Amino acid sequence: MALRSFNPLALVDPYIAAIVGMVGLATVLPLHGEGAVAGRYVTDAAIALLFFLHGARLSTAEALVGARHWRLHLVIFLATFVLFPLLGLAGRALAPNLLSPALWSGVILICILPSTVQSSVAFTSIARGNVPAALCSATASNLFGIIATPLLAGLLLSARGGFSGTAVIDIVVQLLLPFVAGQLSRPLIGGWVARHKALVGLVDRGSILLVVYTAFSDGVSHGIWHQLDLGQLAAVLAVDAVLLALVLA
């Protein structure tokens, strides 16, 4: 009986490859000037559309059940504001010379930031998870993080920060209002959205790709690849991979 040939490309998730591809595209063709402004508008519009479609797809009862899932929200809060910061501090204590002080500060800063609402909802939807709970928990984490993150930064990094009312307005206008609009539109378009799940999936994945592309375009425009050599980049990726593996485990 003949053995089937092994194809290493079969082990690569196409969507992960697409995300990496966006990093490469932003490196080769970053957005500049008016293009960068247009890219941000398109990305914001895609995120608003994402929340509108999820609002139209989810029933109000499902959203309320997600909001009452307090045990899940407590786990997420503890993971975001306790577990991740402790892992970042432990990594710096165990391998202080692996990264420069500035890079370790960056890692710890990432560890004390909540996940974006958009990515939380999009990835949960892609994984066919509890989207209402993800929406409620991620929104609450971001609102709480407006206060908690500056406090943790001051405690762990000796940095100064303050409350940002603009962040609250951004969350309400860009995320919550489209979701509410979707809920109100549900009697009219809810059935159509339910029959076209592929559209929601396309918006889920497309919004993430747009965010990655615009974010890395901004980084490339500010010379991110000139500030890190390959050794430092590999070390940062290794630290990120270990953190991700520990939390997923």
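Where is Arg128 found?

Modeller: Happy to! Keep in mind that this is a predicted model. Arg128 lies in the loop between H6 and H7. Its relative accessible area is 79%, and because anything over 50% counts as exposed, Arg128 is exposed. The backbone here deserves a look too. Most residues other than glycine have a negative phi. Arg128, however, has a positive phi of about 60° although it is not a glycine.

Two packed helices are described by the angle between their axes and the distance between the axes. Helix H6 covers residues 117-126 and helix H7 covers residues 131-157; their axes come within 9 Å and cross at roughly 165°. Angles over 145 degrees count as roughly antiparallel, so H6 and H7 are roughly antiparallel to each other. The crossing of H6 past H7 is right-handed. On the H6 side, the contact is made by Val117, Ser120, Val121, Thr124 and Ser125, while H7 brings Val131, Ala134, Leu135, Ala138, Thr139 and Asn142. Sorted by type, the residues of this contact of H6 with H7 are six nonpolar, five polar and no charged.

Helix H2 (residues 33-57) packs with helix H9 (residues 197-221) at an angle of about 150°, and their axes are 9 Å apart. H2 and H9 are therefore also roughly antiparallel to each other. H2 passes H9 in a left-handed crossing, whereas H6 passes H7 in a right-handed one. Among the residues of H2 that meet H9 are Gly39, Val42, Ala46, Leu50 and Arg57, and the H9 side includes Leu199, Val203, Asp204, Leu210 and Thr214. The residues of the contact of H2 with H9 divide into 11 nonpolar, five polar and three charged.

Next, follow the chain past H2. Ser59 sits in the loop between H2 and helix H3 (60-67). Leaving aside neighbours within four places in sequence, Ser59 is in contact with Gln183 and Arg186.

Apart from neighbours within four places in sequence, Gln183 is in contact with Gly55, Ala56, Leu58, Ser59 and Thr60. Look at Ala56 in that list: Gln183 and Ala56 are 127 residues apart along the chain, yet their C-alpha atoms are separated by 5.0 Å.

For a contrast, turn to Gln227 in helix H10 (residues 224-227). At 57% relative accessibility, Gln227 counts as exposed. Not counting residues up to four places away in sequence, Gln227 touches His222 and Gln232.

Finally, a word on cysteines. Cys111 is buried, with a relative accessible area of 2%, and Cys136 is partly exposed at 24%. A search of the whole structure finds zero disulfides.

Terms used
Residues are numbered from 1 along each chain as its sequence is written. This is a predicted model: local features need pLDDT of at least 70, side-chain atom pairs count only at pLDDT 80 or more; totals for chains, interfaces and linings use all residues. Side-chain values use heavy atoms; hydrogens and water are left out. A disulfide is a pair of cysteine sulfur atoms within 2.5 Å. Buried means under 20% relative accessible area, exposed over 50%, partly exposed in between (1.4 Å probe, protein chains only). Axes are lines fitted to C-alpha atoms, for helices over the stretch in contact, and angles run from 0 to 180 degrees between N-to-C directions. Helices (H or I, at least four residues) and strands (E, at least two) are DSSP runs, numbered from the N terminus. Angles under 35 degrees count as roughly parallel, over 145 as roughly antiparallel, 65 to 115 as roughly perpendicular and the rest as oblique. A crossing is left-handed if the near helix is turned anticlockwise from the far one by less than a right angle, and right-handed if clockwise. Contact means heavy atoms within 4.5 Å. Ala, Val, Leu, Ile, Met, Phe, Trp, Tyr, Cys and Pro count as nonpolar, Asp, Glu, Lys and Arg as charged, and the others, Gly among them, as polar.
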